[in-house]
Amino acid sequence: MTEPLSMTASRPRIGTGSDAEKRLKARYRAEKRFRAYGLISIAIALLFLVVLLGSIVSRGWTAFTQTYIQLPVTFDAETIDPDGTREPGALSSADYRAVINAALEKKFPEIADDRRARNDVKKLISSGAELELRKRVLADPKIIGTTLDLWLPASAPADQVVKGNAQHDESSGLSEGALVKLDALSASGSVERKFNRYLFSNSDSREPELAGLLGAVVGSFYSLLITLTLSFPLGVAAAVYLEEFAKRNRFTDLIEVNINNLAAVPSIVFGLLALEIFLNVLGLPRSAPLVGGLALTLVSLPTIIIAARVALKAVPPWIREAAQGLGASRQQMVTHHVLPLAMPGILTGTIIAMARAIGETAPLLTIGMVAFVVDVPATPLDPATALPVQVYLWATSVERAFVERTSAAILVLLACLVAMNATAIYLRKKFERRW
Amino acid sequence: MQFLTLLLALLLISAAVYRLGARHAVRLSGGTRSLHSLPSYYGYYVALWCGLPALLLAAGWMIFSPLILKSLVMDALPPDTLSLPAARLSLLMNEVKQMAASGDYRYASDEVSRAAAEHYHALHTISFAAMCVASLCVALVGAWYGRSRISPKLRARNAVEGMVTLFLIASSTIAIFTTIGIVLSLLFESLRFFAKVPVFDFLFGLNWSPQTAMRSDQVGSSGAFGAVPLFTGTLLISLIAMAVAVPIGLLSAIYMAEYAHPKFRAVAKPLLEILAGIPTVVYGFFAVLTVAPALRAFGASIGLSISAESALSTGIVMGVMIIPFISSLSDDVISAVPDALRHGSYGLGATRSETIRQVVLTAALPGIVGSVLLAVSRAIGETMIVVMAAGLSAHLTANPLQSVTTVTVQIVTLLVGDQEFDSPKTLSAFALGLVLFCVTLALNVVALNVVRKYREKYD
C-alpha cells in the first residue's frame, strides 16, 4: 500500500534549494491547518449539541419539582357545609378559596384588616389548592371542623421565585408584600419543593403550575399506536413485494421513484394532504389522534419501506435457494425463512421511524391537533394534542412560568426518543448476524 | 370504538373458521397425503372467504353511510331551513353531526337542529346495527361457501398466495397513491384559489398580507397574495442555514472519512447523528430562547440592532439541524471513492490534504452536490423551527438581521385556527403548499439522480 507523505519520515528531496524547503514547509502547514479545520468543525457541531441539551436541561429540570407552602388549614364547618348535610354535592361546590384565605389570615394575623395585603398574599397559593382541599373533604368528610397542617401548591410566580427562575422583585408578578411573606414562610420552614405530580397527572391548563403532560402523552400514544399498526404491515408488505416478488419493470421503477421522493417531501405537505383527504373528503373528526396517526403513517411509510428493503437485501441468497430447493413455494420461503431472518433489521428500522414520528409536529398542526385540550382523550376519536405539539403550544405561551414546563416537556419527549433508540440499538446488537 | 369491536368479532370468527377449514380438509381426504396443499392453507382459504367480504362490506358501509344519512336528514329538514344559503346549511349540518356524535343536545342552537340531531342519531344507530348484522351474515355465508368448496383437489395454496400477492402489490402502490393524493388535493384547492387570485399576482406580487381579508366591506378587503416576499424569506433563511451547515458538515465528513481514528469515529459519528434525531420543535425552542437573545445581546454590544426574530438566528439553528444530514451523506460518498485514486495521488507526492482537495473531493463532487441539494430541499420544507423562531409579517429584504417569514410559516399560520374553505386566505395555504411541493420535488429528483449516477460509476 502506498503511504501518504508523513511529517516525520524522511522526505524525498527533489528540489534542494531553500525555496523548495520553504514550499514543503508551507505544504505541511497547510496539511496541519486542513486537519484542524475538520476537527474544529466537529467540535463546533458537538458544541451546539452540548449547548442545546444543556440549555434545555438547565431550564427544565426545575419543573420536575413544585413548590408547596405549609398552612394550618381549618376545615370550618360554617364555610364548607353551612347546612350541615354533608352531601357530596354541597361539599364539592363549597367555597374552598375562603378556607385557604382563612388559613392565610391565621398564619399572618396582621393582614386581616389590610385588604391590599390580603390580596397580595392570596397570590402565593395556586388555585389548584382548592381542588386539593375539595378532594380531601370528599374523601373523608369527617375532617370538617378539624385543623390540619397541609402542604398546598404555590402559585406559578411564587414557584418561580422559590426556584430562582424569576427575580426576587416585582418583575416576578408578586408584590413587595407578598415577597416578604414568602420569605417569612420559607424562613420558618413552611416552603418546600416536592416532586411535581401535576406534570404527569394533569393535562393542559391555563395555570402554569397546574399544567401537565398526561393528555399530550396519551394523544401521542394513540397516534403512534395507529401509525405503528398501519405502517408496519403495509411497509413490510411493500418492501417484501419490491424486494422478493416484483420484476424490474416500469411499474416497479415508478413505485421506487415515488417512495424515494416521498421520503424527502416536507412533512407539512403530508399535513396538507391529511387535511384535504381525511378531514374534508372523508369527514373524519378534527384534532383527533386517529387522523394524526393516519398522517404520521404516510410520513413514516417510506422510511419503513426503505429500512425493510435494506434488511431483506442483507439476507443471503443461499437461504432462499435452500428453501426453494426443499420444495417451498416463494411465499413459504419468504414467510418461513427470509422474513424471520430480516425481522431484527426491520424492527430496528421501524422503531427509528416511530422515533421520528413521535417528534413530528408540522402535519399535526394542519389537522388541528393544536387545540387547548383539558381532558385526557378517552379514545383516538377525541380531540387531543401530542407531546411535540404541547411543546409548541407552551413555547408560544406568554406566561413566563411555561418556559420551565416547555423544557420539561422537551425532556420527557427526549426521554421517549432515547428509550426508543436504545431499544433499536439493543435489538441490532443482539440479533445482528454476519453471514 | 364500536367499529373496533365489530372488527375484533370478525377476526375471531375468521380465526375459528380457520381451524374448521383445516380440519374439514383433513377429514375429507382421510389424511394429509392426498391433499393438494397443506391443511393450514385450506384453513386460510375458508378464513379469507369468511373475513374478507365482510370486512369490505363494513368498510364500504362506513364510507358511504354518512353521505346517505346526511341526505336523509337533509330531506327531513323543514323547507324554510333548507332554503338557507349553502354555507349556513353546511354549518348547521356540522353542528347536527357533532351533537349526534357526542349525544349531547344541550347546546343546540335551535329546535330544528336539535330535532335533526336526534333524527341523525336514531338513523345512525339503525345503520350501525344493520351494518353489524349484514357483515356478520356475510361472514357466515362466506365461511359456509368457502367450506363447501373444499375438496382434496382444491388448489388452496395457490388461491391463498394469490390473495397475499394482491395485498403485497396493493401495499406497494400506496406510495403512488400518496403522491397522486398530494398532487390532486394541492392542485384542486390551488385552482380554487387561482380562480380568486390570478396566478401571476400570486407568483410575482411583492405584497403579502392575507390577514386583511377579513370582511368584505373592509378597506383592502381582497387581501394581498403576492408570494415573492415569502420566497425571498425562505431563500434567505435557507441560504444562512447552508452557509452554516455546508462548511461544518463537509469538513466534519472529510475528517471522519479520511483522518479520524476508528475509535474517534465510533464515538463522534453517533453523537453528530443525535443532532439529526432531535425533533425540530426542540430546535425552534432553542432558537427562540437561547440563540436569538444571545445574538441580540451580541448585536447590541457592537451597536447593531438585531430583530428578535431575525433570519440570522433562525438560519443558524436550522443550519445546525442540517449539519448531520450533510455530513453523513457526504461521508458516504467520500468513503465510496476508490482507494486507487488516493494511492495514485500519494504516489505523485501529494500530501493528504492535497489529495483530498484535488482528487477525492473532485471525484466525490457529484455526490456532494446531491447531498447539498437534498439538504437545501430539507431546509426549504422545514417547518417547526421557522414557525417558532421566524417572523410572521412578510418583509421583502435581504438583511439577515431583520425578521422575514417563509412559505411554511405562512401555511401553518393560515391553517391553524379557523379554516374557511371558501376564502382565499385558507386556500392560499394550498397554493403555497403546491409551490413548496414542486420545488422540493424538483430538488429531490435532481439530487437523487445525481447521487445514483455517481454511485453506479464506482460500484
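Predicted model: local features only at pLDDT ≥ 70, side-chain atom pairs only at ≥ 80, totals over all residues.
Local features need pLDDT of at least 70, side-chain atom pairs count only at pLDDT 80 or more, and totals for chains, interfaces and linings use all residues. Residues are numbered from 1 along each chain as its sequence is written, while chains are lettered from A and ligands numbered from 1 in the order in which they are written.

**The helix.** Helices are DSSP runs (H or I, at least four residues), strands likewise (E, at least two), numbered from the N terminus. Take α6(A), residues 128-139: its 12 residues should span 16 Å at 1.5 Å a residue, and the end C-alpha atoms sit 17 Å apart, which agrees. That expected span is 1.5 Å times one less than the number of residues.

Ala129(A), Leu133(A) and Val137(A) are buried in α6(A) (20 or more other C-beta atoms within 10 Å of their own, with C-beta atoms placed from the backbone; exposed is 12 or fewer). Down the axis, the buried residues fall within an arc of 75 degrees, so they line one face of the helix. Lys135(A), Leu138(A) and Ala139(A), on the other side, are exposed.

**The sheet.** β2-β1-β3 of chain A is the order in an open, antiparallel sheet of 3 strands, where pairing takes at least two DSSP bridges. The edge strands β2 and β3 of chain A each pair on one side only.

| Pair | Bridges | Sense |
|---|---|---|
| β1(A) and β3(A) | 5 bridges | antiparallel |
| β1(A) and β2(A) | 7 bridges | antiparallel |

Tyr68(A) stands opposite Glu192(A) in β3(A), and its bridge partner in β2(A) is Pro153(A). Gln70(A) has Trp151(A) as its bridge partner in β2(A).

Notes: Arc of directions from axis to C-beta.
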